[in-house]
Amino acid sequence: MACFAGSYDVIVLGAGHAGCEAALACARMGLKTLCLTLHLDAVALMPCNPAIGGTSKGHLVRELDALGGEMGLAADDTFIQMRMLNTGKGPAVHSLRAQMDKRRYHERMKRAVESEPLLDLKMGECEQILTQGGRVSGIRAAGGAQYSCRGIVMATGVYLQSRILIGSHVTESGPAGLTRATALSASLSELGFSLRRFKTGTPARVHRRSLDFSKMEPQYGDVPPPHFSFLTPPGGEANQDCCYLTYTNAATHKVIQDNIHRSAMYSGLVTGTGTRYCPSIEDKITRFADKERHQLFIEPEGRTTAEMYVQGMSTSLPYDVQVLMLRTIPGLESCEIMRAGYAIEYDCIDPCALSLSLGAKALPGLYFAGQINGSSGYEEAAAQGLFAGINCALWCKGEEPLLLARSDAYIGVLVDDLATKGTNEPYRMMTSRAEYRLLLRQDNADLRLTELGRRTGLIGPARYDALRRKQEGIERALRALDIAVSPGEAVQALLAQKGEAPLKTGCKLIDLLRRPALTYTDLLGVAQGLPPLAEDVREQVEIEARYAGYIQKQKQQVERFAQMETLVLPQGIDYSALHGLRLEARQKLSARQPVSIGQASRISGVSPADIAVLLVYLKKREGERP
């Protein structure tokens, strides 16, 4: 029997990385919010890799922080190792990665959720989405509790009808043996959402004392450590934990090949589609049979546990085979498995049912975030959670959505890829997906997004003032560099010391800074009037100087891109009646109803010739207006 349990502005279903960000955003924007989770001990759980960030994913965390999210701050509070990746390449692909203490991270994020005044965190399972008058009106939970609301954010992760597979053994549960959601998939189907089945996986955890680290390569963190949040002061944790690098070998591969028929993924037990960019060890040796070895990182799960994560060895092989293959690896010859690796498959929706605000096109007030949208990864989930939470709150307030273009942020690329292109496999963010990655660097996320997100109320005065000081510092330094310097003795001595060619004529200071070996700090000793700079300001000035030509070229590309986005396509066009469109384009355009020529051009199956037809249609339509 149903019983009324409470009224809220917004209900967030799930308290993983997406759910936490969505719930915090809604509450901090002034809305009474309920966050309903299957298990209170699984708030912000890291059931797979105990790390945050990495290539392109670090960009998402920085952007999330710049918009007022929580993940970056929580990571800075609870990391046990911090490293900047890809430093041998250009700044566009520099990405921060942190090894986390997974228990402390969970406790830190749970404390943030519990402490938010307008946010209630409760344990329970949602069984049905309720609607009234063509929009969401509440939920019904298991046991009969019924809650009313104006907006809902679905952030259910991998828990919908999920099951764990280890060899031939199948357990109907969520990750790490937690309770799964059994009824919500049917409710989504009844509302018209197309469900699909995806699969991901995780490697074994082994006991620290059973490992021989002398046979592995140590991997140390950066000292002093960098940080994800623009609010975290420099410095901090210096006593970082060590990770280790080792490799598979021919003996490892033989064990897997001899037993691959026992893998849940190769025996036919797994029905879901797996991720291409994070393959299992079975997939690796099959798809890359020419490779003699694959690297594995042995990473601690925290400072209060002996569990070590074997990154790079996700598997669904049976337990006995996992033991055999792990013990062929240098340093793991005597390893003891504490938790076996497994595959997990689950229900998710087709994200093409969503608008660019992550709201459902057919059901106002319903938003989706995270792996329910077909994505993978904590960072992708958290970014969607914040974005969906912001837009759900704005919708409840009757305000226009916050939209991010592909030229604004990696979050914009992520959302556009999901909602416009869709995905037939678990989506993973990569730097190669961003056309304008020189502009969308992780170091300038605050300069790109904090001003844009100010209207949400998640950006306080102190943070905004810090942004303005940074902007003014950059402008002041660039003006100071725009003065000429003669090839005097001090300048020539500096160039010789740095291995740079001497000056033949005078030049501007900014031209000197474009020389690879010189830094802004070097110039302080040879030029009067240059202001001393904070580290983050100095970094921006040097990047602006060295990559000015490339940055300007990308800005011109963005301008052309923006022109396509401003060509608005009216909703409700009968594409089947537009002569000249190919059949596939008619079908795709009718189903997606793109909002602009730019979005239409990114739909798979819509060709340049089809876009030309749409441009002619818009021109003709404009000419018919009185």
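In which sense do strands β1 and β10 pair, and over how many bridges? In this predicted model, β1 (residues 3-7) and β10 pair in the parallel sense, over four bridges. Strand β9 (residues 135-141) runs antiparallel to β10, to which three bridges join it, and I139 stands opposite Y147. The hairpin of β9 and β10 has three residues between the strands, and G143 takes a positive phi near 95 degrees there. Strand β10 itself (residues 145-148) has A145 and Y147 on a covered face, whereas Q146 and S148 form an uncovered one.

Four aromatic pairs are found in a search of the whole structure. In one of them, Y8 and Y147 are tilted, with 6.2 Å from centre to centre and 55 degrees between the planes. This pair links distant parts of the chain, 139 residues apart, as Y8 belongs to the loop between β1 and β2 (10-13) and Y147 to strand β10. Both Y8 and Y147 are buried. The pair of F213 and Y244 is stacked, because the ring centres are 4.3 Å apart and the planes lie at 25 degrees.

The charged end of K32 sits over the ring of Y8, 5.0 Å from its centre, and R454 lies over the face of Y464, at 3.7 Å from the ring centre.

In the loop between α11 (410-421) and α12 (445-449), T431 is buried, with a relative accessible area of 13%. Residues touched by T431 include T55, H59 and R437.

Note on methods. Residues numbered from 1 in each chain as written. Predicted model: local features only at pLDDT ≥ 70, side-chain atom pairs only at ≥ 80, totals over all residues. Heavy atoms only, no water. Buried < 20%, exposed > 50% of the residue type's maximum accessible area, 1.4 Å probe, protein only. Helix = DSSP H or I, 4+ residues; strand = E, 2+ residues; numbered from the N terminus. Pairing = 2+ DSSP bridges. Contact = heavy atoms within 4.5 Å. Phe/Tyr/Trp six-rings, centres within 6.5 Å; stacked < 30°, edge-to-face > 60°. Lys NZ or Arg CZ within 6 Å of the ring centre and 35° of its normal. Lists of a residue's contacts leave out its neighbours within four places in sequence.
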